[in-house]
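Me: I am new to this structure and would like to go through it slowly, one question at a time. Please show it first.

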Amino acid sequence: MLRALLLMLAMAAPVSAGGAEAVLAAVNGVRAKAGCPALAMNASLVAAAKGHADAMAEQNFFAHAGKDDSRFSGRIRGQGYSYSAAAENIAAGQSSAAAVMQSWLGSAGHRRNILNCGFRDTGIAVVYQPDDQPLRGGRFALRYYWVQVFAAP
């Protein structure tokens with residue numbers, strides 16, 4: 001009984017070093033050093049990010065396009081956010097905010113999104129899939145799916 005309870009608790013809070021709030025703080029720290037304004041968390045963008053992170057975790061894929069051929073632009077509009085510019089970062093497999101930030105900052109395209117001073121709002125989501133399976137051709141399950149959406153109204 002205790003073993004089952006401990007397993008349930010471990011699956012309920014799997015992100016060891018922060019989730020969306022930690023990513024937002026790290027992103028805003030990097031942006032401040034570059035002279036960019038801080039991003040504000042936006043509920044519509046969080047819903048767009050969460051929907052895509054859920055889809056990747058539940059449908060066992062990793063891509064900007066959904067299996068339904070959805071794109072981040074449509075997912076953002078679908079949540080009622082009207083934007084003049086938008087972008088999306090995705091990651092999978094990192095179990096902490098620090099690890100996902102290291103990955104994104106090490107990628108030119110992801111870093112460019114983070115440091116785009118024109119963006120004002122963001123939505124961030126991480127989804128943990130405890131019974132995840134390796135992607136086709138992969139050896140290990142990713143389990144963690146991260147999405148950050150950036151936008152300017």
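Me: Which residue in E3 is the bridge partner of Met-41?

Reply: This is a predicted model, in which local features need pLDDT of at least 70, side-chain atom pairs count only at pLDDT 80 or more, and totals for chains, interfaces and linings use all residues. Residues are numbered from 1 along each chain as its sequence is written, and side-chain values use heavy atoms, with hydrogens and water left out. Strand E1 (residues 40-41) pairs with E3 in the parallel sense over 2 bridges, where two strands pair if DSSP finds at least two bridges between them. Within E3, the bridge partner of Met-41 is Thr-122.

Me: In what order do the 4 strands stand in the open sheet?

Reply: Helices (H or I, at least four residues) and strands (E, at least two) are DSSP runs, numbered from the N terminus, and the protein chain has 6 helices and 4 strands. E3 and strand E4 (residues 144-152) run antiparallel and are joined by 8 bridges. The 4 strands form an open sheet with mixed pairing, in the order E1-E3-E4-E2.

Me: Which strands stand at the edges?

Reply: In the open sheet the order is E1-E3-E4-E2. Each edge strand has a single partner strand, so one side of each is left without a neighbour in the sheet, and these strands are E1 and E2 (85-92).

Me: What angle does the direction of helix H3 make with that of E3?

Reply: Helix H2 (residues 20-33) packs on the sheet, touching E1, E3 and E4, and its direction makes about 140° with that of E3; axes are lines fitted to C-alpha atoms, for helices over the stretch in contact, and angles run from 0 to 180 degrees between N-to-C directions. Helix H3 (residues 43-59) also packs on the sheet, where it touches E1, E2, E3 and E4, and its direction makes with that of E3 an angle of about 30°.

Me: How many of the 8 residues of strand E3 are buried?

Reply: Buried means under 20% relative accessible area, exposed over 50%, and partly exposed in between (1.4 Å probe, protein chains only). Of the 153 residues of the protein chain, 39% count as buried. Strand E3 (residues 121-128) is largely enclosed by the rest of the structure, because the number of its 8 residues that are buried is 6.

Me: Are the rings of Tyr-128 and Tyr-144 stacked, edge-to-face or tilted?

Reply: Rings of Phe, Tyr and Trp (its six-membered ring) pair if their centres lie within 6.5 Å, and planes under 30 degrees apart count as stacked, over 60 as edge-to-face and the rest as tilted. A search of the whole structure finds 2 aromatic pairs. In the pair of Tyr-128 and Tyr-144, the ring centres are 4.8 Å apart and the planes stand at 45°, so the pair is tilted.

Me: Which residues does Gly-19 touch, not counting residues up to four places away in sequence?

Reply: Gly-19 lies in the loop between helix H1 (2-12) and H2, and Gly-19 is buried, with a relative accessible area of 13%. Gly-19 and Trp-146 are 127 residues apart in sequence, yet 9.2 Å apart in space, C-alpha to C-alpha. Counting contact as heavy atoms within 4.5 Å, Gly-19 touches Ala-97, Val-126 and Trp-146.

Me: Over which residues does pLDDT stay under 50?

Reply: pLDDT is the predictor's confidence in each residue, from 0 to 100, and its mean for the protein chain is 90, with 89% of the residues reaching 70 or more. The stretch where pLDDT stays under 50, for which the model has 2 contacts beyond four places in sequence, is residues 1-13.
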